[in-house]
Amino acid sequence: MTDFPHVFQPVQLRHKTLKNRVVFGAHTTNMARDGLPGDQHLAYYVERAMGGAAMIVVEPMPVHPAAVLTRGNFRPGSDDVIPHFRRLTEACQAHGTVMIQQLYHIGAHGDGDNSWHAHWSPSGGPSYHDSDGSHEMTEAEIEDTIDGFVQAAIRCQKAGFDGVEVWAAYHGLLDQFWTPFSNQRSDRWGGSLENRTRASREVLRRIRAACGDDFIIGLAVNDEPDVDAALNREETADIVALHDAEGLMDYVTCGTGGYFDFYKLMPTFLYSEKLGVDLAAMLKRVVKNALVTAESHIRTPENANTVLGASEADLVSIVRGQIADPHLVAKAEAGRADDIRGCISCNQQCWGRRSRDYYISCLINPSAGHEYLWGGDRFEPAPNPQTVLVVGAGPAGLEAARVAAERGHRVTLAEAGPKLGGQFRLAGLQPRRGQIGDLIDWYDRQLARLGVELRLNTCLDDDEIADIGADHVVLATGSLPAGTGFQKALPHLPRLPGLGLGRVWSVEDVMMQAARPGPRVVVLDEGGNWRGCGTAWRLAEDGHAVTIVTPAAMIGKELERSATDWPLRRALARLGVHFVTDTTIGEWTTDGAIIKSLLTGQTELLAADTLVLATTNVADTSLNTALAAKGILTHTIGDANAPRNAALAIYEGRQTGRTI
């Protein structure tokens, strides 16, 4: 008996029966090479099919040269893609997965750097992707684009896909036709509801005529209730009901956010869960024929079962949850929900890499994007199991110990502190970041299941490590605050003047509650990431008057890539945190910080009681040096190798555990 009965009910979708209610929804992996899906793309999707997804919606195929958005987009208008996609569809269908491909046109919000084409839109509106304007489409160009959708669907059918999902979400081209803000035409493509929906209805109608009855057609829409220019829920429901009444689609998928509010498109931990459910529930009340899929921040089987059990949707799309653990569905069905490696909603390696036009991966699952190199998210037994000592239980050490044990090695994990997680655990103590603590608890369960010997409060020196005599020694001892106040913007100052006056702490001191900050705190945030910003948030919530000083032009500079910067700044601003940008600290005094503008060179006193330094850490190499002197070879990983982020630490832990 499954713990998630609503999730594991089959459902009929046109000519196919879905074995459960979980979809791996469309998202751009950016893995295509020369516009073609290859081995990397194949292995990524096969792993999720193997993991139990009932339906996979493969990332969008641009239907016209004007629609190309990323370096990893597929070739538009070319039959060359057909045999490559057939490899993918056949491999995934072998696991009982229904295969759909999304078809899209971004309209005004294109990327001319990738497409080398003017953006096309209904009325020549502005791009929200960049600072460009767009070209108002002629009737002939509208017809050409509609035909592009149809021809793309025919190619999908030839490639073995069971259907297509037509993208009308996030204020893409078809949504631009629907929305009065972006459709100001006075011809038969604008004005009335019938005219504004003419393009999308023609696309769906002509795809059905071209591909026949045994072909699934989906429609993707979105919810942006906080944006006045966007369609409201009632207007979206009217549009979907019109398409449904004409029997044009078999299912409709409801996401959130879009080009007006991009942060809700891939909502992070800063947002509540199950965001797409409100619109999905409304659509459930108006459609008579189509199934409704709820998408957006539905991370877990528990989320899915709740939504389905309340009849708020017929299907649920779990994307990042199945990036983080491709076997999420199979584990849930087998009663192993505790073994699911839960997404922490950070966006750092999925959207964080895609936003820079790289192929996507995952912070907590470095196999994502590397399945074709590593054989999926599974491990081959070690041919000669040996003893492995891992020193340090931060993210790198936890992953190295887990993977080595999965492969059959006898593993001991020694940690100097009383708890697992290292600095990653401290990050989980920042506001709204409790999912990190959940992940550390997952590691604790996995290590116990695998029989790893865990030694907490154990600070090993080189002699003790030598006496243990393990076949392999993995050093994951992390990094330490530099303690010098050195700032990259002031490289001529190796040490911040005035440090000796005291009342200066590291972010680690603050999060460990070792610091005793006064009422007025200055946070020197050199990195523009969660170390400084999240600590400032914690201090502000605790009642301190906080000012963030950064050499960058904006607070949360590095968080822009993960679409967390603006929601963070909003949260900080609501707590009264002050922002000082393009600025360094030249000296710490008894009265506060002497700050210096990098733009004008002007200095002034920023009155404060406490200074918190979020500057670059230094690797702890003491054990490495001592063991090398004894002739003991080590694998040095994570921050002990070089201070970086958790994604690279877990990657190195995975790679080391695989190769020992």
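In this predicted model, His-327 touches Glu-47, Met-50, Gly-51, Asp-377 and Arg-378, leaving aside residues up to four places away in sequence (contact means heavy atoms within 4.5 Å). His-327 sits in the loop between helix H11 (320–324) and helix H12 (328–333); helices (H or I, at least four residues) and strands (E, at least two) are DSSP runs numbered from the N terminus. With a relative accessible area of 13%, His-327 is buried (under 20% counts as buried, over 50% as exposed and in between as partly exposed, with a 1.4 Å probe and protein chains only). Its side chain also makes a polar contact of 2.8 Å with that of Glu-47 (a pair of N or O atoms within 3.5 Å; within protein, one must be able to donate a hydrogen and the other to accept it, and residues adjacent in sequence count only if both atoms are side-chain atoms).

Residues are numbered from 1 along each chain as its sequence is written, and side-chain values use heavy atoms, without hydrogens and water. Local features need pLDDT of at least 70 and side-chain atom pairs pLDDT 80 or more, while totals for chains, interfaces and linings use all residues.

Over in helix H9 (residues 277–286), the buried residues are Val-277, Leu-279, Ala-280, Ala-281, Met-282 and Leu-283. Their cover includes strands E9 (216–223), E10 (251–256) and E11 (291–295), along with helices H8 (233–245) and H10 (301–309).

As for H20 and H21, Trp-530, Cys-533, Ala-536 and Trp-537 in H20 meet Leu-568, Ala-571 and Leu-572 in H21. The residues of this contact split into seven nonpolar, no polar and no charged (Ala, Val, Leu, Ile, Met, Phe, Trp, Tyr, Cys and Pro count as nonpolar, Asp, Glu, Lys and Arg as charged, and the others, Gly among them, as polar).
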